[in-house]
Amino acid sequence: MTKRNMYFTVKGTNHVNFNLTKSFKYADFHCKCGGKHPSPMNLDFVFKLEKMQDILGDTFKIAKNINSGFRCEQHNKTVGGSRSSFHLYGKAVDIGTKDSTERYLVCRAAFQIGFGDISVAANFVHIDDRDKKQMRIY
Ligand SMILES: [Zn+2]
């Protein structure tokens with residue numbers, strides 16, 4: 001797939017909501033700092049998440065479990081994110097999982113799509129769109 005850098009965002013507000021795709025709304029990815037700034041997500045990344053949701057079907061809804069989508073620099077610092085975090089570029093999500101079955105479902109679907117980074121914590125799975133393929137354990 002060719003890499004495009006398309007973003008959809010709304011200037012000056014973080015309190016708007018509309019559909020980016022069938023399963024994802026702009027607000028699903030809003031920075032959790034509470035500030036009123038745009039949260040521009042990379043559309044190729046969101047389209048991949050949509051394909052991942054197609055695989056998961058009704059077994060697991062990604063949008064309802066996004067712990068972290070876009071992060072501004074300040075919020076990324078607050079949560080101890082890496083300085084080169086893909087959350088800063090709208091190319092990462094942390095998907096909350098409540099048990100090992102959900103972790104399995106999320107990881108399996110993410111591998112099928114072929115995300116660069118699929119990293120696992122006890123209660124979430126981080127997915128991002130880096131070129132390098134890697135997997136970490138938090
Ligand atoms: Zn923020």
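Lys-25 lies in the loop between β1 (7–8) and β2. Strands (E, at least two residues) and helices (H or I, at least four) are DSSP runs, numbered from the N terminus. Lys-25 is partly exposed, with 14 other C-beta atoms within 10 Å; a residue is buried if 20 or more other C-beta atoms lie within 10 Å of its own, exposed if 12 or fewer, and partly exposed in between, with C-beta atoms placed from the backbone. Leaving aside neighbours within four places in sequence, Lys-25 is in contact with Asn-17, Phe-18, Asn-19 and Leu-20, a contact being two C-beta atoms, placed from the backbone, within 7 Å.

The model is predicted: local features need pLDDT of at least 70, side-chain atom pairs count only at pLDDT 80 or more, and totals for chains, interfaces and linings use all residues. Residues are numbered from 1 along each chain as its sequence is written.

**Overall make-up**

The protein has 3 helices and 6 strands, which run β-β-α-β-α-β-α-β-β from the N terminus on. Of its 138 residues, 29% are buried. Among contacts between residues at least 6 apart in sequence, 57% join residues at least 24 apart.

The table sets out two of the helices; the expected span is 1.5 Å times one less than the number of residues.

| Helix | Number of residues | End-to-end C-alpha distance | Expected span |
|---|---|---|---|
| α3 | 14 residues | 20 Å | 20 Å |

In α1, the residues Phe-45, Val-46, Leu-49 and Met-52 are buried. They cover an arc of only 110° around the axis, and therefore lie on the same side of α1; the arc is that of the directions from the helix axis to the C-beta atoms. The buried residues of α1 pack against β2 (41–42), β4 (92–96) and α3 (100–113). Gly-57 follows α1 and has a positive phi, near 55°.

In α3, Val-106, Ala-109 and Ala-110 are buried. Their arc around the axis is only 100°, which puts them on the same side of α3. Ser-100, Thr-101, Tyr-104 and Gln-112, on the other side of α3, are exposed. The buried residues of α3 pack against α1, β4, β5 (117–120) and β6 (124–128). After α3 comes Gly-114, with a positive phi near 90°.

**Sheet**

An open sheet is formed by 4 strands in the order β3-β4-β6-β5, with antiparallel pairing; two strands pair if DSSP finds at least two bridges between them. β3 (66–68) and β5 are the edge strands, each pairing on one side only. β3 and β4 pair over 2 bridges in the antiparallel sense, and Ile-66 has Ile-95 in β4 as its bridge partner.

**Nonpolar core**

The largest nonpolar core has 23 residues, and those with the most contacts inside it are Leu-49, Ile-95, Ala-110, Val-125 and Ile-127. Such a core is a set of buried Ala, Val, Leu, Ile, Met, Phe, Trp, Tyr and Cys residues joined through C-beta atoms within 7 Å. At least two residues of this core come from each of α1, β4, α3 and β6, and α1 gives the most, with 4 residues. Not counting residues up to four places away in sequence, Val-125 touches Ile-95, Thr-97, Arg-103, Val-106, Cys-107, Ala-110, Ile-118 and Val-120.
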